[in-house]
Amino acid sequence: MAKLFASRGIRVSVITTPVNAPGLSKSIERSRLLGHEIEILIVKFPCVEAGLPEGCELLDLVHSLEMGRIFFEATTMLVQPIERLLEEYRPNCLVADGFFPWSTEVASKYGIPRIVFNGTCFFSVCASHEIKLTRKQLPDFIKQETGLAEFFRKVEEAEVNSYGVLFNSFYELEPAYADHFRKVWGAKAWHIGPILLCNNNFEDKSNRGKEASIDENECLKWLDSNKPNSVVYICFGTVSNFPDSQLLEIAMGLEDSGQQFIWAVRKNKNNQQENVVWLPEGFEERMEGKGLIIRGWAPQLSILEHEAVGGFVTHCGWNSTLEAICAGVPMVTWPVFADQFYNEKLVTQVLRIGVAVGAQKWAIGVGDSVKKEAIKKAVTYLMASEEAEEMRCRAKKLGEMGRKAVEEGGSSHSDFNALIEELRSKGM
Ligand SMILES: O=c1ccn([C@@H]2O[C@H](COP(=O)(O)OP(=O)(O)O[C@H]3O[C@H](CO)[C@@H](O)[C@H](O)[C@H]3O)[C@@H](O)[C@H]2O)c(=O)[nH]1
């Protein structure tokens, strides 16, 4: 998004913390080479002061609700360092993630608008107010009155009081919900996505996020050797974790489906179980040439865009969902927490470009347990059924609409222009 603003001749400073900065720096360097005025400003994240382990500066490293509560509390300690930066840099506008509710007040102190970046889609925000979910699908902290429930109330309040909300989505994808949001919320909103499409060459794509745990060219070469739509890609984003016993079910489900696959596995201390193996014996030997396991960070954009990839097993994080749509790839939906159960419904029931694996229970960061039979069934349906071909066609059409939306004259391009003109007309 910073690159998008910079590409319109606006001077941009991205405020981040030491652990998060490296994931942004290469991308920003490349943008600067194009002559964009864009820089990174680093503020210290008060992990230790708040009671978190050193370096715990991103949600991937948060493993419990209590830790989540402390993490969000730590973010409120950023008020002063950010005020100091605003004092020094005197920007005309502050765009801040929805999870920084205090930034609305901070911006007003400096007489500038705060625009919220809401990381999910219009559908999920509307649905959270309108659609029925079972108690099991809801987070515990909403049911019990905890500090986190209070935090999320503040997030909503600050959004209503902000200047407006930016969505990484496009109008044609969810027109009814984009309209509904504007009507019922009463806040201004701009749809400016799919933002990922501003990465339009190989370097931009591979320089986003973390360093891939596999040689990207090797991975693409392996995909080149496969037929179109013959490989299923499995990845659950940056926060979700599965215990070894669940990884084992996934491995067995994949093997039983007989499909070719690329599986990105996030392994850390928290999903290791004593005396449980996460791969069946001889799995990797049997899957030689048939499947690729990436232990760590996968070059997701390049994988999804490869013509050999015909399906995606996803936790329905909004970025992954949008990336699949842009690549025209249908999904097996396996929501874990956050907005993911809503996104699943958008994908399976509204857009009809996915099939649910059957995950039932909302659980922070740790997926509900799903058996190998259900995994096999959903993957086989996704890769080898007639209906899947129809889903693929629909997904491709939506991807095409997404590309048009960000082109000159497209809905997102125009909405972004409108935002910039509005800000400029107010002397910002
Ligand atoms: O091995 C990996 C893993 C992830 N990614 C990228 O990381 C991002 C993951 O984002 P997303 O799919 O949104 O998942 P989370 O990281 O889980 O995102 C959190 O934030 C999102 C909103 O920003 C919410 O929609 C999710 O529910 C919430 O879990 C995507 O761009 C992926 O391409 C990779 O490139 N390689």
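This is a predicted model: local features need pLDDT of at least 70, side-chain atom pairs count only at pLDDT 80 or more; totals for chains, interfaces and linings use all residues.
Student: With which side chain does the side chain of serine 230 make a polar contact?
Tutor: Leaving aside residues up to four places away in sequence, serine 230 touches Gln259, Gln260, Ala308, Gly310 and Met383. A polar contact of 3.4 Å joins the side chain of serine 230 to that of glutamine 260.

Student: Is serine 230 buried or exposed?
Tutor: The cut-off needed here is that a residue counts as buried when its relative accessible area is under 20%. Serine 230 has a relative accessible area of 16%, and therefore it is classed as buried.

Student: How are the axes of α13 and α18 oriented to one another, parallel, perpendicular or oblique?
Tutor: Two packed helices are described by the angle between their axes and by the distance between the axes. The axes of helix α13 (residues 244-257) and helix α18 (residues 372-384) come within 8 Å and cross at roughly 45 degrees. That angle makes α13, relative to α18, oblique.

Student: Which residues of α18 are met by α13, and how do the residues of the contact divide?
Tutor: From α13, the residues Gln246, Glu249, Ile250, Met252, Gly253, Asp256 and Ser257 take part, and in α18 they meet Lys372, Ile375, Lys376, Val379 and Thr380. The residues of this contact between α13 and α18 divide into 4 nonpolar, 4 polar and 4 charged.

Student: Is the crossing of α13 and α18 left-handed or right-handed?
Tutor: The handedness is a further description of the pair whose axes cross at roughly 45 degrees. The crossing of α13 and α18 is right-handed.

Student: What is omega for the peptide bond that joins glycine 193 and proline 194?
Tutor: Most peptide bonds are trans. Proline 194 lies in the loop between β6 (189-191) and α11 (202-206), and the bond joining glycine 193 to proline 194 is cis, with omega about -5 degrees.

Student: What is the relative accessible area of arginine 352, a residue with a positive phi?
Tutor: Most residues other than glycine have a negative phi. Arginine 352, in the loop between α17 and β12 (354-356), has a positive phi near 55 degrees. Arginine 352 is partly exposed, and its relative accessible area is 45%.

Definitions and conventions
Residues are numbered from 1 along each chain as its sequence is written. Side-chain values use heavy atoms; hydrogens and water are left out. Axes are lines fitted to C-alpha atoms, for helices over the stretch in contact, and angles run from 0 to 180 degrees between N-to-C directions. Helices (H or I, at least four residues) and strands (E, at least two) are DSSP runs, numbered from the N terminus. Angles under 35 degrees count as roughly parallel, over 145 as roughly antiparallel, 65 to 115 as roughly perpendicular and the rest as oblique. A crossing is left-handed if the near helix is turned anticlockwise from the far one by less than a right angle, and right-handed if clockwise. Contact means heavy atoms within 4.5 Å. Ala, Val, Leu, Ile, Met, Phe, Trp, Tyr, Cys and Pro count as nonpolar, Asp, Glu, Lys and Arg as charged, and the others, Gly among them, as polar. Buried means under 20% relative accessible area, exposed over 50%, partly exposed in between (1.4 Å probe, protein chains only). A polar contact is a pair of N or O atoms within 3.5 Å; within protein, one must be able to donate a hydrogen and the other to accept it, and residues adjacent in sequence count only if both atoms are side-chain atoms.
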